[in-house]
Amino acid sequence: MVVLFGSYARGDWVEDSYVENGVTYEYASDFDLLVIVRSNRIVNSTDTWRRAEARARRVPIRTWTNLIVESIETVNNALVRGQYFFTDIKKEGVLLYDTGEFKLARRKQLNPKERRGMARAHFKEWFASAQVFVRQYENAMGMPEYKSAAFQLHQAVERFYDAILLVFTNYRPKSHDLEKLSHMVAGFDPALLAVFPQATDEQKRCFDLLKRAYVEARYNPGYKIAREQLEYLAERVQRLQDLTKRICQARIESYLSA
């Protein structure tokens with residue numbers, strides 16, 4: 001199956017802009033697609049899905065495409081447990097393609113109190129984990145070990161993004177791609193658009209170094225990053241940490257009034 005979910009399925013997609021420090025950041029809702037396949041073996045064909053995602057993004061439109069790929073077993077188990085990322089998709093999603101070979105399980109509905117409990121637990125775990133990597137970045141800078149520092153910052157950013165995704169959706173993708181994760185969280189608060197600005201070549205270069213750090217800072221002898229670039233990125237990560245705490249706590253409290 002292929003299911004369109006998110007803002008385009010609900011009909012509340014937006015094209016908006018956000019201004020910070022005199023810089024305008026444009027935002028358009030993404031196309032979010034859940035691809036349900038027969039087995040986890042197919043899910044794990046990451047090169048296949050990377051190529052599919054890249055091909056979708058070459059279409060001459062401005063809309064970014066996010067693919068989430070899961071097996072029918074994973075999706076149905078999640079529906080039975082009331083995992084609200086998938087229960088919301090079943091409720092609100094638009095079925096674009098269906099072989100008819102499988103059926104989706106009956107969804108268990110969680111009440112707002114149950115959702116709040118899950119969101120609080122996720123925030124506590126993942127926000128604390130991100131803070132550990134921030135401290136490890138500071139230790140690496142003191143040594144100094146700049147490649148290690150870059151990797152620690154990457155992991156901090158990934159975990160702040162994961163905290164946001166889990167609080168809002170109770171789901172995190174199997175991805176270390178910071179660009180993809182940044183698009184997935186951007187719809188929750190426009191201020192997230194300005195965390196890693198792309199207005200100048202140096203800003204783009206710094207974010208590219210951060211994205212590549214997950215693999216290259218550990219395994220590529222040619223990976224280089226300057227102290228000034230790390231210090232700039234650390235400032236942006238502090239901004240992300242503050243935003244993550246604010247928007248996640250607001251979301252958690254919103255479940256009480258749901």
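Strand β4 is mostly covered, for 6 of its 7 residues are buried, where buried means under 20% relative accessible area, exposed means over 50% and partly exposed lies in between (1.4 Å probe, protein chains only). The strand spans residues 31-37, and strands of this kind (E, at least two residues), like helices (H or I, at least four residues), are DSSP runs numbered from the N terminus. The model is predicted, so local features need pLDDT of at least 70 and side-chain atom pairs count only at pLDDT 80 or more, while totals for chains, interfaces and linings use all residues. Residues are numbered from 1 along each chain as its sequence is written, and side-chain values use heavy atoms, with hydrogens and water left out.

From this strand we can turn to the sheet. Strands of a sheet pair through backbone hydrogen bonds, either parallel or antiparallel. Here 4 strands form an open sheet in the order β5-β4-β1-β6, and the pairing is mixed; two strands are taken to pair if DSSP finds at least two bridges between them. At the edges stand β5 (65-71) and β6 (94-97), each of which has a single partner strand, so one side of each is left without a neighbour in the sheet. From one strand to the next the twist averages 30 degrees.

With β5, strand β4 pairs in the parallel sense over 7 bridges; Leu 33 stands opposite Leu 67 in β5, and Asp 32 stands opposite Asn 66 in β5. With β1, strand β4 pairs in the antiparallel sense over 4 bridges, and the bridge partner of Val 2 is Val 35 in β4.

Helices lie across these strands. Helix α3 (residues 46-57) lies across β4 and β5 and runs at about 155 degrees to β5, where axes are lines fitted to C-alpha atoms, for helices over the stretch in contact, and angles run from 0 to 180 degrees between N-to-C directions. Helix α5 lies across β1 (2-5), β4, β5 and β6, running at about 95 degrees to β1. In α5, the residues Tyr 84, Phe 85, Phe 86, Thr 87 and Ile 89 are buried, and the buried residues of this helix pack against β1, β4, β5, α4 (72-81), α6 (112-142) and α7, with contact meaning heavy atoms within 4.5 Å. Gln 83 caps the N-terminal end of α5, with a side-chain oxygen 3.1 Å from the backbone nitrogen of Phe 85; a polar contact is a pair of N or O atoms within 3.5 Å, in which, within protein, one must be able to donate a hydrogen and the other to accept it, and residues adjacent in sequence count only if both atoms are side-chain atoms.

Rings of Phe, Tyr and Trp (its six-membered ring) pair if their centres lie within 6.5 Å, and planes under 30 degrees apart count as stacked, over 60 as edge-to-face and the rest as tilted. Phe 85 and Tyr 171 form a stacked pair, 4.2 Å centre to centre with 10 degrees between the planes. Because Phe 85 lies in helix α5 (residues 84-92) and Tyr 171 in the loop between α7 (146-169) and α8 (178-186), the pair ties together parts that are 86 residues apart in sequence. Phe 86 and Tyr 171 form an edge-to-face pair, 5.5 Å centre to centre with 85 degrees between the planes. Both Phe 86 and Tyr 171 are buried, and ring pairs link Phe 5, Phe 85, Phe 86 and Tyr 171 into a cluster.

Thr 169 lies in helix α7 and, because its relative accessibility is 14%, counts as buried. A polar atom of its side chain lies 2.6 Å from the backbone oxygen of Leu 165, and the backbone nitrogen of Tyr 171 lies 3.2 Å from a polar atom of the side chain of Thr 169. Leaving aside neighbours within four places in sequence, Thr 169 is in contact with Gln 83, Tyr 84, Phe 85 and Phe 188.

Finally, Tyr 219 has its place in helix α9 (residues 201-219) and, at 58% relative accessibility, counts as exposed.
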